[in-house]
Amino acid sequence: MAPHLNIVPSMFVLLLLFISASKVQSDAFDVVAKFGAKADGKTDLSKPFLDAWKEACASVTPSTVVIPKGTYLLSKVNLEGPCKAPIEINVQGIIQAPADPSAFKDPNWVRFYSVENFKMFGGGIFDGQGSIAYEKNTCENREFRSKLPVNIRFDFVTNALIQDITSKDSKLFHINVFACKNITLERLKIEAPDESPNTDGIHMGKSEGVNIIASDIKTGDDCISIGDGTKNMVIKEITCGPGHGISIGSLGKFQNEEPVEGIKISNCTITNTSNGARIKTWPGEHGGAVSEIHFADITMNNVSSPILIDQQYCPWNKCKKNEESKVKLSNISFKNIRGTSALPEAIKFICSGSSPCQNVELADIDIKHNGAEPATSQCLNVKPITSGKLNPIPCSGPVPKTPSATA
């Protein structure tokens with residue numbers, strides 16, 4: 001068990017950091033006025049942006065890179081630290097990626113690497129222009145998908161605040177958070193068509209102290225997906241949908257995955273999604289552990305699977321279906337979850353036969369099926385702890401021999 005991290009004080013310290021930095025006159029590095037960028041939608045922003053970043057990063061006083069209003073073409077940019085003082089990016093304009101996926105040879109478009117004491121804000125838009133990629137991104141076309149870029153990557157970033165930024169039509173994931181510590185993403189807007197494949201809103205892994213707050217996510221895959229090694233995370237005040245819901249996982253696909261623990265998801269509204277509050281692990285494959293996962297105060301509107309533990313997760317039928325999942329799930333709660341389901345199976349707990357789910361709690365659940373049939377609840381290899389009003393009645397429905405696949 002990792003040491004407990006008190007999230008609220010850490011967020012307060014982060015806020016104080018930026019307040020104190022703002023009291024010092026920051027140097028402004030305007031990509032247009034000082035570095036010759038052109039907001040014509042045709043001239044590549046890469047060199048002016050990178051030059052401004054390098055100069056700001058080398059400053060011994062707090063600095064701000066400014067991208068004024070206008071439309072800019074950006075082929076790609078890799079923004080590296082460490083920097084000598086706190087650094088900000090004020091994005092006011094619309095930054096567009098090349099629409100043609102063949103322009104990318106690796107899965108990076110805008111990447112922040114090894115940066116500490118960082119803030120990005122300004123109301124700007126990162127537009128991945130992903131429509132051509134969506135047409136070609138199929139299950140069979142793995143090589144094509146491997147080169148599709150994430151809109152914004154944060155790798156090894158510490159003490160960061162990302163506010164009032166929009167990610168639009170990413171070719172793959174919108175935002176990827178990897179090996180980060182104490183990073184808050186707040187008041188974000190993420191949007192892509194509901195049929196756009198693999199466009200997870202925010203994905204993270206091997207990170208601690210991540211906070212996602214007051215954001216609106218509409219996409220074609222998970223609104224938020226939580227990968228291995230994620231610890232002490234807060235997700236609250238999210239509106240999600242369309243998409244695949246808020247998911248822990250998928251886990252168990254690869255060797256040596258790190259535990260996921262201490263995840264709190266609350267005060268969210270999930271609408272017209274295939275899943276709501278979900279944990280997903282692969283059958284067979286490799287081991288892992290998930291613990292202290294708490295979903296609370298969530299409204300579901302016409303969600304196909306509002307509450308779901310799926311340890312037979314097998315998209316595209318490419319898995320070891322006859323084997324049990326080796327990922328251990330424990331200390332999981334679903335409290336005060338209300339609304340409607342698009343399918344009768346409002347609650348599905350499909351746990352591993354070789355390692356049954358432990359200490360799964362249901363409290364104050366009221367989910368009604370939108371159709372003529374009543375809502376049902378299915379349980380396999382789990383005995384949930386229950387309290388309060390419960391609709392549907394826990395474990396009231398039979399589990400089919402072959403549970404339906406989920407996206």
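User: What is the strand order in the open sheet of 11 strands?

Analyst: The order is β5-β8-β11-β14-β17-β20-β23-β25-β27-β29-β31, and the pairing is parallel. Strands are DSSP runs of E with at least two residues, helices are runs of H or I with at least four, and both are numbered from the N terminus. Two strands pair if DSSP finds at least two bridges between them.

User: Before we go on, what kind of model is this, and what are the ground rules?

Analyst: This is a predicted model: local features need pLDDT of at least 70, side-chain atom pairs count only at pLDDT 80 or more, and totals for chains, interfaces and linings use all residues. Residues are numbered from 1 along each chain as its sequence is written, and side-chain values use heavy atoms, with hydrogens and water left out.

User: How many bridges join β17 to β20?

Analyst: Three, between β17 (residues 202–205) and β20 (residues 224–226), which run parallel. M204 has I226 of β20 as its bridge partner.

User: What does β24 pair with?  Start with β21.

Analyst: β21 (residues 231–236) pairs in the parallel sense with β24 (residues 260–271) over five bridges. There, I235 stands opposite I265. β22 (residues 239–240) also pairs with β24 in the parallel sense, over two bridges. C240 stands opposite I270. β24 and β26 (residues 284–303) pair in the parallel sense over 10 bridges, with E261 opposite S291.

User: New topic. What is the volume of the largest pocket?

Analyst: About 1400 Å³. On a 1 Å grid over the protein atoms alone, a pocket is an open set of points where a 1.4 Å probe fits, with protein on both sides within 12 Å along at least five of seven lines; lining residues have an atom within 4 Å of a point. Grid points are joined across faces, edges and corners, and the volume is the space filled by probe spheres set on the points.

User: Which residues are closest to its centre?

Analyst: F173, N198, S250, W282 and W316, of 46 lining residues. The lining divides into 15 nonpolar, 17 polar and 14 charged. Nonpolar means Ala, Val, Leu, Ile, Met, Phe, Trp, Tyr, Cys and Pro; charged means Asp, Glu, Lys and Arg; the others, Gly among them, are polar.

User: Where are the cis peptide bonds you'd flag?

Analyst: One joins G241 and P242, with omega about 5°. P242 lies in the loop between β22 and β23. Another runs from G249 to S250, with omega near 15°. S250 lies in strand β23.

User: And salt bridges: what does E55 pair with?

Analyst: K34, with the closest N and O atoms 3.0 Å apart. E55 lies in α2 and K34 in the loop between β1 (27–30) and β2 (40–44), so the pair ties together parts that are 21 residues apart in sequence. The whole structure has 15 salt bridges, meaning a side-chain nitrogen of Lys or Arg within 4 Å of a carboxyl oxygen of Asp or Glu.
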